[in-house]
Amino acid sequence: MKTARFSVKDNTNIYKLEVARSLLYFTEFDFTYFWEQCIDAGKEARKTGRLPQDAVNNARSIAAGAHPYIEACSTVFSEVVTDCIIEYICHSERITADELWLRCISAKSQYEKTVFKRVSEYKTNRAINQWANIVRLQEYARNKMAFIYAPDENKNADFSDALIRARRDYFDLACSVAANEINLPRKQLPATKVCNAASLPDATFINGRVSRALYRRLSETLGLAEDAELPESRDYSLVKDKLALDAYAYVKDMGRPNDADMLSASEALLAMPDEVFLPDSFKAAIDLEFDLACKEKLRFCKCQNCARFFVSTSSETFCDRVNRTGKTCREEYNAFFNIPQAEMPREDEIPETPAEEPKIEQSPPEQPLFKEEPPKVQGEYQERSPRTEIKIPPWRLVKPPNKGVPIPLELEKHGQRVYNALYKRLGKGMDENEFKEWSVYLSNMKRNVKSGDSTLEQLREFLIYSDELVEEVKTASRNKSARSPGYGSKQAQPEKNREAAVKTEALTQEYTEDRIKPFSPLTFSSLEDAQKAHPPAANYGYPNNSTHSEIPKEEKEAKPPVWNRLTREEAYGENN
Amino acid sequence: MNFINESNAINGLADTIVKGGVCLYNSVKYVYSLAEKDFYNIDVKDVFKVILNNVTDSDSLAAFGLRIDGGTCREMQSEEYNRVLPLIVYSLAVRIPTLKNVRVDDRNMTDDQIYRLYTTVIQKGAENYHDIIPETFLEAKYMVRKGKAMPPFTAEWFKSYICNHVPALSDISNKNIFLLGAVDMLFAMFYSCFEGELRSKLTEYISGAGITEATV
């Protein structure tokens, strides 16, 4: 991976930047843990009156890991924890930073003083809320990446370097136009300088040994020099040449050093990088990475499996990230289509077909192409002829994944209806685990339809099956409520219940023998109810010789009590 | 007026007056340094807000990134200018009789208590060099007794002093003109806030120290 060197203001170190990789890492960096640490530190500071230094250092180191620039600008980002706390207070209490400043104007604790000092720095343009800045820049980097590298819908992800450059320039130009329209001072916008290690602003201190040797050589001349004493408040942007040449005037008669000195100096100087970038802000560093990625032909490709960007030298479709299955997206793809690993080389490993070689041939019209035509770009950016088709390696002639379709409203409503019906009977005719299993299946099915892995027909079938399930659950729920009647009824008809239970048990046994599907047994409060609900003629698909049909009809007729008035003689006998 | 500990209260009030004087002295320097290079970066209104909310402590002004060392306040690094501090404290001390107007539970400070407070402040270093401050303790006492309003606290004596004794600050320059304009407003507003602070301190010494709560 290509690396670049950069330095920042007021820092004598030179840092390494892994082009594209550090940018990608930053865009995907999860600041949740940092945020939690800051909030905990803020809460503790509210109680104790000062920020816990350990927690602050810990949180700061988390933030520094997001990007090399944050690590390099340790002084600029030193108050990032306080910034995060300020942002949290303002957000949670819905107040502005000015209001917070006024609240802390008569600070009583060290913590309040810290907050007051920091907001004062915002007010006097000596600092910005670096936490908010990081969050905004992360969004900026993501958007810019998506703008430049995300493939268009229904188009191929394989686009030319020229198109990438054009998109990048278009994006940057849009920012410039916006800045111009709102009258931002153009001089103050982020920019990156490129220089060698000896012409950096702090070069004297970076190349300390050689600088000291030089001073010894020039001490006679420089000893007589006057101090320039330039007030810091003035703007010297238009007199820079004069200032530089005033300094040069003291060394213009300097000859080359002797061989030994030159050797010693060259050892130190050649150890320094030839090209050092000097971004003056974090945004400049982000833009620099985009520029270097373009220059080095590094691409951010979007994985078709996990939909995340990854760095590649060519347009690839699957990344090498290990996902939740324990395999990389590429491996998963290969396994799915049974492509042996050896047959599927990385794209950058495929030997390119020379332009002169007649490898470009007409493919048969029925042959499906994995890749579509390259996007049409006006003028010089159009690199391929649309009439010719490049011979595709065999491993790429695989069927592309199906295109997903949105779920029609009718099916969505159907699904919701079934869901509601089942949910209503949760715990009665269907237990919680069964319901959970069913709902997970439904949501998976919907997702598969959307991603193209399942068809609408399959979803429809599942919903029809679910309707049947609802009916079964309804019946089961009715029976369940009948099986567990209230206290009074249970006491009143214990014998009848017992009989019904025996009969339904027999029914269940027969039913479960025929089908594998579990079934809730039918239960009735009385034999009479059971007979009324399922008369033998209907049969309901049960075997004819079932116990159900053998119940004699006469037995179920209830005999009314005979209430005949007796005479005294009949009741007590004639003697009484 | 009965204090829980009278000598402690007198010393505490004297300290408050001296601290107020030091704060005003430093505030003038901070305002002067503002004109060095942060004229357009720092809102002078914010600086005033901070000064008037902390009349006995000027440390909060450092939050603006202002410095009052030789770099930005070179013209104020002279022995003559250093005498401004005892003058400021003196200008506050002569107005101590106004504390007689502060009534807590229908009682106020006695003449003896007020005089002891005045002498304590003078002992702490307040001085009227060259009699530059026209007001006196006795005049103030007389006016309070007669129920007359005190004249406004102005920066006239300050301007007069630096014009006569600190030539570096009496030159016509952007910074000096800004300073002369700023002190006019600062002195008047400062005294009004300082009076309130002194009264609350006095009440505190009678009723016991209050408990401060975190605001953030």
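The term pLDDT denotes the predictor's confidence in each residue, on a scale from 0 to 100. I begin there, colleagues, as the structure before you is a predicted model.

In chain B, pLDDT stays under 50 over residues 209–215. For that stretch the model has ten contacts beyond four places in sequence. Where pLDDT is low, the predicted coordinates should not be read in detail. For chain B as a whole, the mean pLDDT is 90, and 96% of the residues reach 70 or more. As for the complex, the predictor gives an ipTM of 0.85 and a pTM of 0.66.

Let me turn to the contact between the two chains. Chain A contributes 21 residues and chain B contributes 18 residues. Which helix gives the most to the side of chain A that touches chain B? It is helix α7 of chain A, residues 110–123, with seven residues. By class, that side of chain A consists of seven nonpolar, six polar and eight charged residues.

I now stay with chain B and describe its architecture. Its secondary structure comprises nine helices and zero strands. Chain B has 216 residues, of which 38% are buried. Among its contacts with a separation of 6 or more, 83% join residues 24 or more positions apart.

One helix pair in chain B deserves a description. Helix α2 of chain B, residues 44–53, packs on helix α9 of chain B, residues 174–207, at an angle of about 30 degrees, and the two axes are 10 Å apart. Angles under 35 degrees count as roughly parallel, and α2(B) is therefore roughly parallel to α9(B). The crossing of α2(B) and α9(B) is right-handed. On the side of α2(B), the contact is made by Val44(B), Phe48(B), Ile51(B) and Leu52(B). On the side of α9(B), the residues are Ala182(B), Met189(B), Phe190(B) and Cys193(B). How many of the residues in this contact of α2(B) with α9(B) are nonpolar, polar and charged? Eight are nonpolar, no residue is polar and no residue is charged.

Ile162(B) sits in helix α7 of chain B, residues 156–165. Is Ile162(B) buried or exposed? Ile162(B) has 24 other C-beta atoms within 10 Å. A residue is buried if that count is 20 or more, so Ile162(B) is buried. Leaving aside neighbours within four places in sequence, Ile162(B) is in contact with Leu169(B) and Ser170(B). Ile162(B) and Val84(B) are 78 residues apart in sequence, and their C-alpha atoms are 8.7 Å apart in space.

I move next to chain A, where another helix pair can be described. The axes of helix α11 of chain A, residues 208–223, and helix α13 of chain A, residues 259–270, come within 9 Å and cross at roughly 150 degrees. Angles over 145 degrees count as roughly antiparallel, and α11(A) is therefore roughly antiparallel to α13(A). The crossing of α11(A) and α13(A) is left-handed. Arg209(A), Val210(A) and Ala213(A) of α11(A) make the contact with Asp261(A), Ala265(A), Ala268(A) and Leu269(A) of α13(A). By class, this contact of α11(A) with α13(A) has five nonpolar, no polar and two charged residues.

Helix α1 of chain A, residues 21–28, is my next point. Its buried residues are Ser22(A), Leu23(A), Leu24(A), Phe26(A) and Thr27(A). What do the buried residues of α1(A) pack against? Their partners in chain A are β2, α4 (68–72), α8 (130–149), α14 (282–295), β5 and β6.

Lastly, I draw your attention to two backbone angles in chain A. Most residues other than glycine have a negative phi. Asp10(A), although not a glycine, has a positive phi of about 60 degrees. Asp10(A) is placed in the loop between β1 (3–6) and β2 (15–18) of chain A. A residue is exposed if 12 or fewer other C-beta atoms lie within 10 Å of its own; Asp10(A) has 10 such neighbours and therefore counts as exposed. Ala307(A), also a residue other than glycine, has a positive phi near 60 degrees. The loop that holds Ala307(A) runs between β5 (299–302) and β6 (309–312) of chain A. With 10 C-beta neighbours inside 10 Å, Ala307(A) counts as exposed.

Technical notes. Residues numbered from 1 in each chain as written. Chains lettered and ligands numbered in written order. Predicted model: local features only at pLDDT ≥ 70, side-chain atom pairs only at ≥ 80, totals over all residues. Axes fitted to C-alpha atoms, helices over the stretch in contact; angles between N-to-C directions. Helix = DSSP H or I, 4+ residues; strand = E, 2+ residues; numbered from the N terminus. Parallel < 35°, antiparallel > 145°, perpendicular 65-115°, else oblique. Left-handed = near helix turned anticlockwise from the far one by under 90°. Contact = placed C-beta atoms within 7 Å. Nonpolar A, V, L, I, M, F, W, Y, C, P; charged D, E, K, R; others polar.
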